[in-house]
Amino acid sequence: LAYPLGVQRELKNMAERTTAFGTKYIPLDAYEAKSNGTFVPPVSLSAEDAAVKNQLMTQLGMSSSKADETLRNAELTKDILSFLGRAPGGSVDKATASMLYDVASRHRSMPNVHTNVDFLVKQILDKAITSKAQLEEAFLYMKSNTDLAGFNAAVGVGQQVSLEDIRKKVAEVLESRKDEVAERRYRINVGSLMGLVREHLKFADVKIVKEEIEKKLAEILGPRTAADDAPEDKKKKKAATAPAKETAAAAAA
């Protein structure tokens, strides 16, 4: 790895210090460069940790470095394994595993959620909560409510949003904004369109909503042109973002 000379010197000093204490010399290239400018020595895993890492990568789709980072957090790793272990047969699909990871990584920062974390995990494993949109609503509800009597209604338990429902609402929204679509083309604010869809389909899967909007835009507009990818005039861009902000403000109200 081509590190700056100063970094190379520091890594060399670190390696020499470890050697002085009788541990194995760690080559410079073995250190993992982090985005914040720090460097992490390679992780030496026991057979047990290696098995856990493999489980994290397989069931949660983690990269090797993300799995190593997770293993360094004992509480997080313990919670994830506990939640995954409660599933029938000890196996879950990736969408469920991803939601369980979200709960494991966030529940300790929210007292009411932490108190009722077993309840929330059961809701996910029982398929009462099936999407990230529902999970976010669950976090919001549980953060401010100790009484779970209204949980099902607030989180949309049993309120299934089909792909056909999403496609129908996407078509309606784009039809209502057809002039803006024609003018803005691929520069249109997809986030504001997603907000309009979810005003009517609160518990729709956000990822699917985005995918369906992008598919429908491609169907309406055809292939992207050079003009679509050219830098936009700042005044036009500012004028075009104003309606999107108004829409977001209206939705929040």
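Trainee: How many aromatic pairs does a search of the whole structure find?

Mentor: Please keep in mind that this is a predicted model. Rings count as a pair if their centres lie within 6.5 Å, and on that basis the number of aromatic pairs found in the whole structure is two.

Trainee: In the pair formed by F119 and F151, what is the angle between the planes?

Mentor: The two rings are 5.0 Å apart, centre to centre, and they join distant parts of the chain, with F119 in helix α7 and F151 in helix α9, 32 residues apart. Planes over 60 degrees apart count as edge-to-face, and that is how this pair is classed, with an angle of 80 degrees.

Trainee: Is F151 buried or exposed?

Mentor: The cut-off for buried is under 20% relative accessible area. F151 has a relative accessible area of 0%, whereas F119 has 28% and is therefore partly exposed. By that cut-off, F151 is buried.

Trainee: Why is the pair of Y141 and F151 edge-to-face?

Mentor: The ring centres of Y141 and F151 are 6.1 Å apart, and the pair is edge-to-face because the planes lie at 80 degrees. This pair also links distant parts of the chain, as Y141 is in helix α8 and F151 in helix α9, ten residues apart. Y141 counts as buried because its relative accessibility is 14%. The value that settles the class of the pair is the angle between the planes, 80 degrees.

Trainee: Which residues form one aromatic cluster?

Mentor: F151 pairs with F119, and F151 pairs with Y141 as well. The residues of the one cluster are F119, Y141 and F151.

Trainee: Which helix supplies the largest share of the lining of the second largest pocket?

Mentor: About 160 Å³ of space lies in this pocket, and its lining residues divide into four nonpolar, three polar and four charged. At least two lining residues come from each of α5, α8 and α13. The largest share, four residues, comes from α5.

How values were computed
Residues numbered from 1 in each chain as written. Predicted model: local features only at pLDDT ≥ 70, side-chain atom pairs only at ≥ 80, totals over all residues. Heavy atoms only, no water. 1 Å grid on protein atoms, 1.4 Å probe; cavity = no way out; pocket = protein on both sides within 12 Å on 5 of 7 lines; lining within 4 Å. Points joined across faces, edges and corners; volume = space filled by probe spheres on them. Nonpolar A, V, L, I, M, F, W, Y, C, P; charged D, E, K, R; others polar. Phe/Tyr/Trp six-rings, centres within 6.5 Å; stacked < 30°, edge-to-face > 60°. Buried < 20%, exposed > 50% of the residue type's maximum accessible area, 1.4 Å probe, protein only.
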